[in-house]
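This report covers selected features of one protein model. The structure is shown first, and the notes follow by topic.

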Amino acid sequence: MKFTATQIAGILEGEVEGNPQIAVHKLSKIEEGETGSLTFLANPKYTSYIYSTKASITIVNKDFIPEQELSTTLIKVEDAYKSFSKLLEYYNQVKSNKVGIEQPSFIAETAKYGEGFYLGAFSYLGDNVKIGNNVKIYPNVYIGENVTIGENVLVFAGAKIYSESVIGNNCVIHSGAIIGADGFGFTPNENGEYSKVPQTGNVILEDHVDVGAGTTIDRATLGSTILRKGVKLDNQIQIAHNVEIGEHTAIAAQTGIAGSTKIGKHCLIGGQVGIVGHITIGDRVRIQAQSGIGRNVKDDEVLQGSPALNYGDYNKSYVHFKNLPKLVNSINKLEKKLKGDDD
């Protein structure tokens, strides 16, 4: 896809300085700009690169005044960073605006889908699947029976959505994500052998939920595993059965949350955090990377460590931990001195 400076300025409500008909077909960093690419300048630290960049078009703030001759065409806007972000969003919308059904693929006779639908090759839609308008499903996706998907949803290649799952509007499910697999439910007998507990619930994703690549969200044993509106999950996260995550909580990669734990709204959870089952974590909680959470957490707590401590207490304790060899040496010297006094 190619866009001229005039077209881009129209999208961004900007002004062109230079060649209005010059066209671009890719994006670049300002220091790595090539002919045919679009870049932006928002951070003054990178100003020097605008005089040497080979990018065909550069988005700049309206107050930018060049001090040397430029070879790049400028588009002047109120906020270069926000405008570039807006353009990225627009570019993604155009790029993903596929429609039609590729073959081979399978659609059950009872499955229904709305307008603007795209289904990639080798994908499968099961019985009684209901899909809204402007949904894009990329190749090699499996969608089980009785799944409901809202509008403006993207499901990238290789994702799996098991039966009975409910996906809201404006959700994004990245490659390799698995939604609705069985929860980890087994009971041992007197011989130590395990019998499977049937997992009869489902998974519900409310609107504007993002699920990262390789992330797994297990169906509930009974009831639902629920991710509320605006939840954002990074790659390779494990959400166990009957977990509930509150609105606009964001969780970084490789975090694991055990069954039946409830997490509040607007929480920030770092990478590689482990959270035990059957606890409640309050609203606006912040958990630092690699922490282990084994207790209920109140609203607005900030935690670090394993087992996790209050963030301030952890840092104070860590100062002493770093100095532990010196402290031990000092104690040994005092003991020797006291022993000498006793002699």
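## Thr216 and the basis of the model

Thr216 counts as partly exposed because its relative accessibility is 22%; buried means under 20% relative accessible area, exposed over 50%, and partly exposed in between (1.4 Å probe, protein chains only). This is a predicted model, in which local features need pLDDT of at least 70 and side-chain atom pairs count only at pLDDT 80 or more, while totals for chains, interfaces and linings use all residues. Residues are numbered from 1 along each chain as its sequence is written, and side-chain values use heavy atoms, with hydrogens and water left out.

Thr216 belongs to strand β26 (residues 216–218). Helices (H or I, at least four residues) and strands (E, at least two) are DSSP runs, numbered from the N terminus. Between Thr216 and Asn235 the C-alpha to C-alpha distance is 9.2 Å, with the two 19 residues apart in sequence.

## The parallel sheet

An open sheet is formed by nine strands in the order β10-β13-β16-β19-β24-β27-β30-β33-β36, with parallel pairing. Its edge strands, β10 and β36 (280–281), each pair on one side only. Two strands pair if DSSP finds at least two bridges between them.

Within this order, β19 (residues 166–167) and β24 (residues 202–205) are joined by two bridges in the parallel sense. Ile167 is opposite Leu205 in β24. Strand β24 also pairs in the parallel sense with β27 (residues 224–227), over four bridges. Here Leu205 is opposite Leu227 in β27.

## Surface patches

A patch of negative charge on the surface gathers Glu109, Asp127, Glu145 and Glu164. Patches are made of residues with over 30% relative accessible area and no salt bridge; like charges are joined within 9 Å, and nonpolar side chains (Val, Leu, Ile, Met, Phe, Trp, Tyr) within 5 Å. A salt bridge is a side-chain nitrogen of Lys or Arg within 4 Å of a carboxyl oxygen of Asp or Glu. Glu109 is in the loop between β9 (106–107) and β10 (112–113), and it counts as exposed because its relative accessibility is 83%.

The nonpolar patch on the surface consists of Tyr318, Phe321, Leu324, Leu327 and Val328, which together have about 470 Å² of accessible area (Shrake-Rupley method, 1.4 Å probe). Helices α3 (311–322) and α4 (324–342) each supply at least two of its residues, and α4 gives the most, with three. Phe321 lies in α3 and is exposed, with a relative accessible area of 55%.

Terms used. Lys and Arg count as positive and Asp and Glu as negative; His and the chain ends are not counted. The place of a charge is taken as NZ of Lys, CZ of Arg, CG of Asp or CD of Glu.
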